[in-house]
Amino acid sequence: MVGHLQRHRPDQLPDALWQNLLQNGDTAWIRGTIDVDAGTAALLPIYQHPETQLTANQQGNWLKASANQGATMPYAIELMGRATRCCTPNRLTLTTPKWNSGHKVHEPLQFAITIPYNASTTAIRLVRTSDQAVLASRLVSANLPTVAFAGPAQIVGDEIQVSWTGADTDGDDLWYVLQYSPDGVQRFAKVVDGTAGSATIPLQYLPASTGDEGLMLFVTDGVNTSAVVSQTISVPLQAPVASVATPWEGETLPLGQGVAVQGSGWDAEDGFLPADDLIWYLDEVEVAMGEWFSLDDLEAGEYTLRLVVQDSDAQTSQMEITFIVAAPRYSYLPLISR
């Protein structure tokens with residue numbers, strides 16, 4: 001299991017000032033990992049957003065009492081200026097969730113936080129607070145990177161194809177995040193996160209467009225971030241996705257035991273579909289409804305199992321597998337008498 005670090009505001013920072021920073025200041029999205037046993041850490045590329053207002057939900061997460069989040073870990077994020085810590089708040093202590101409290105953590109910890117960002121920051125550091133050791137850091141270079149779409153995004157078959165180019169006068173490595181919004185306001189979905197300059201995006205995982213939809217592309221040189229919005233791209237309604245988890249395709253199961261059946265349906269607009277919208281057929285005969293059930297008293301032979309799912313737009317899809325029920329085979333060794 002991978003641990004996940006949470007975050008809380010410094011206790012010494014007044015609530016009014018903290019809320020003002022969140023609502024009116026720049027923000028930065030910081031991600032990384034910490035290997036507790038090895039004493040090492042890494043900061044992934046950081047995305048800094050000028051004059052970005054956090055949602056009420058994000059503000060609420062920031063202002064939660066740290067006592068409810070678990071045990072404080074000896075790690076902190078620091079924003080550094082030219083000579084020392086530059087900013088208020090300058091240190092954000094990371095904490096573990098409550099289920100990690102009181103237990104030794106062996107797995108690498110992952111964290112992702114959005115914090116207020118000060119324009120005078122020259123470096124962002126991940127520090128072990130017990131001995132002030134700097135485990136990872138990222139310097140803020142002098143110039144913003146640039147990015148542009150290479151041309152309009154195209155829908156080809158059941159995929160979106162899009163490409164872009166980025167440049168940085170400081171020569172820093174660039175990292176991209178591509179997001180899609182069906183209405184230009186909400187439900188931004190991250191569809192690309194990496195160094196590639198192009199993407200092929202399956203339409204079945206994107207909600208249908210409803211208005212000022214489009215793709216938004218971010219580029220970061222490690223901290224400095226630029227963004228560009230593509231022209232409108234119209235994504236049609238998609239059929240849901242049916243998935244059979246058990247039994248497996250071609251699996252042989254023992255005669256006389258029940259067959260555990262499990263599956264699900266998912267839709268880009270609806271999310272996971274309710275049990276009433278999942279219908280199961282065994283050799284073309286309807287046998288059950290829902291996410292899981294058991295097939296009992298099956299005779300030996302080969303069977304075809306099919307799951308049909310339907311979304312709120314009355315679109316359907318299906319997945320079909322075959323499995324075998326067989327009597328166990330026994331091997332008898334000859335008896336040797338002396």
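**Overview of the predicted model.** Of the 338 residues of the protein, 40% count as buried, where buried means under 20% relative accessible area, exposed over 50% and partly exposed in between (1.4 Å probe, protein chains only). This is a predicted model, in which local features need pLDDT of at least 70 and side-chain atom pairs count only at pLDDT 80 or more, while totals for chains, interfaces and linings use all residues. Residues are numbered from 1 along each chain as its sequence is written, and side-chain values use heavy atoms, with hydrogens and water left out.

The strands (DSSP runs of E, at least two residues, numbered from the N terminus) have the order 15-14-17-18 with antiparallel pairing, two strands being paired if DSSP finds at least two bridges between them. Strand 15 (189–194) and strand 18 (225–229) stand at the edges with a single partner strand each, so one side of each is left without a neighbour in the sheet. Strand 14 (residues 175–181) is joined to strand 15 by five bridges, and Val177 stands opposite Asp193 in strand 15.

**Close-up of the salt bridge between Asp193 and Arg31.** The two side chains meet at 2.7 Å, N to O, a salt bridge being a side-chain nitrogen of Lys or Arg within 4 Å of a carboxyl oxygen of Asp or Glu. Because Asp193 lies in strand 15 and Arg31 in strand 3 (residues 26–35), the pair ties together parts that are 162 residues apart in sequence. Asp193 is partly exposed at 30% relative accessibility, whereas Arg31 is buried at 8%.

Conventions
Helix = DSSP H or I, 4+ residues; strand = E, 2+ residues; numbered from the N terminus.
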